[in-house]
Amino acid sequence: EGKSKCDEVGVQGFPTLKSGDPNNLDDYEGGRDFDSLSNFAKENLGPRCGPANPELCDKEQKATLDKYMAMSVADLAKAIEEKDAEMAKAEKDLEELLKSLQNQYEEGQ
């Protein structure tokens, strides 16, 4: 289970430090000494906008949060399913485009 999570978020070695939105983690590229890590933590880590901390949301984030918090579990599951289908279609379309470009490249050789 741990390896698949590492593959999913792009962990390639140890130590790999990542921060930010769990759905879009950022690589930490700063120093590895205590002062660098401490400064980074003070400036970048801590509570974020979300259901547990709506007061940290800006107006747009709060509107989005309120929209999803008002949805039923069934409606949330349906919305997730729809987005998953959109992503699968986009990935398929990209794969087809790349194959087409590769074929054009090979024909031009």
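Which helix gives the most to the lining of the largest pocket? Helix α4, residues 73–108, does, with 5 residues.

This is a predicted model, in which local features need pLDDT of at least 70 and side-chain atom pairs count only at pLDDT 80 or more, while totals for chains, interfaces and linings use all residues. Residues are numbered from 1 along each chain as its sequence is written, and side-chain values use heavy atoms, with hydrogens and water left out.

**View 1. The whole protein, with 4 helices and 2 strands.** The elements run α-β-β-α-α-α from the N terminus. The radius of gyration is 20 Å, well over the 13 Å that the globule rule gives for 109 residues, so the protein is more spread out than a compact globule. (The radius is taken over C-alpha atoms; the rule is 2.2 Å times the number of residues to the power 0.38.) Along the principal axes, the C-alpha atoms fill a box of roughly 55 × 45 × 30 Å. Buried residues make up 6% of the 109 residues. Take the contacts between residues at least 6 apart in sequence: 5% of them join residues at least 24 apart. Helices (DSSP H or I, at least four residues) and strands (E, at least two) are numbered from the N terminus.

**View 2. The largest pocket, with a volume of about 300 Å³.** Its lining consists of Y68, L76, A79, I80, E82 and K83. By class, 4 of the lining residues are nonpolar, none is polar and 2 are charged. A pocket is an open set of 1 Å grid points where a 1.4 Å probe fits, with protein on both sides within 12 Å along at least five of seven lines; lining residues have an atom within 4 Å of a point. Its volume is the space filled by probe spheres set on the points.

**View 3. The second largest pocket, with a volume of about 170 Å³.** D21, P22, N23, R48 and C49 form the lining. The lining holds 2 nonpolar, 1 polar and 2 charged residues. Asp, Glu, Lys and Arg count as charged; Ala, Val, Leu, Ile, Met, Phe, Trp, Tyr, Cys and Pro as nonpolar; the others, Gly among them, as polar.

**View 4. S19, in strand β1.** The strand covers residues 18–19. S19 counts as buried because its relative accessibility is 11%. Buried means under 20% relative accessible area, exposed over 50%, and partly exposed in between (1.4 Å probe, protein chains only). Beyond residues up to four places away in sequence, S19 touches L25, D26, F40 and L45. Contact means heavy atoms within 4.5 Å.

**View 5. V11, in the loop between α1 (2–9) and β1.** With a relative accessibility of 27%, V11 counts as partly exposed. Setting aside residues up to four places away in sequence, V11 touches C6, T16 and K18. V11 and D27 are 16 residues apart in sequence; their C-alpha atoms lie 9.2 Å apart in space.

**View 6. G50, in the loop between α2 and α3 (59–69).** G50 counts as buried, at 12% relative accessibility. Neighbours within four places in sequence aside, G50 is in contact with C57 and L65. G50 and T64 are 14 residues apart along the chain, and 10.0 Å separates their C-alpha atoms.

**View 7. G46, which follows α2.** The phi of G46 is positive, near 135 degrees.
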